[in-house]
Amino acid sequence: MKKGSIKNNRINGEVMRELSCIIRDDVKDPRIDPLLSITRVEVTPDLQFCKVHVSSLGSGEMLSDSIEGLTNAGGFIRRELAHRVNLRKTPVLQFVPDRSMEYAMEMSMKIEALAKAGGMSSEPEEPEKPEEFGKPEEFEKPEESEDPEE
């Protein structure tokens, strides 16, 4: 199976859905943030390893505590995943912080600050209206020829 194939994408989606259910319902570690979300799952084509990208709405410290809790509960999560998803092999889970939301918010604030400092308005400007042509009544009709032979 190739990375990025339809089958690999389907496995990634299934593993992601089941992992989020397991973490939400079955893992009882107090270090894990209740607002934790799995943003992306990457299962290798040989089904040996699985990189789980997690994000949290809390602080960076809360995210690192959650990853530590998930790593400690990794064996339990892997066993539950093996019961729920029918795969030849159950991949070893590696939890990785996903800071893309923090980065996006930071970039958005920087853009807003630049817009305010530079005098740029955040609202788009209206395009100029093109010059309007005369109304159809104003145009002259072509003269008809009086010669019937033409």
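Predicted model: local features only at pLDDT ≥ 70, side-chain atom pairs only at ≥ 80, totals over all residues.
The largest pocket has a computed volume of about 190 Å³, and its lining consists of Ser20, Ile23, Arg24, Val27, Asp29, Ile32, Asp33, Pro34, Leu36, Ser37 and Ile38. Two or more residues of this lining are contributed by each of α1, spanning residues 6–25, and β1, spanning residues 36–43. When the lining of the largest pocket is divided by class, six residues are nonpolar, two are polar and three are charged.

At least two lining residues are supplied by each of β1, β2 (49–56) and α4 (100–117), with the largest share, three residues, coming from α4. The lining of the second largest pocket comprises four nonpolar, five polar and two charged residues.

The strands β1 and β2, each of which supplies at least two residues to the lining of the second largest pocket, run antiparallel and are joined by seven bridges. Within this pairing, valine 43 is placed opposite cysteine 50 of β2. The two strands form a hairpin in which five residues lie between β1 and β2, and in the turn leucine 47 adopts a positive phi of about 65°.

Notes: Residues numbered from 1 in each chain as written. Heavy atoms only, no water. 1 Å grid on protein atoms, 1.4 Å probe; cavity = no way out; pocket = protein on both sides within 12 Å on 5 of 7 lines; lining within 4 Å. Points joined across faces, edges and corners; volume = space filled by probe spheres on them. Helix = DSSP H or I, 4+ residues; strand = E, 2+ residues; numbered from the N terminus. Nonpolar A, V, L, I, M, F, W, Y, C, P; charged D, E, K, R; others polar. Pairing = 2+ DSSP bridges.
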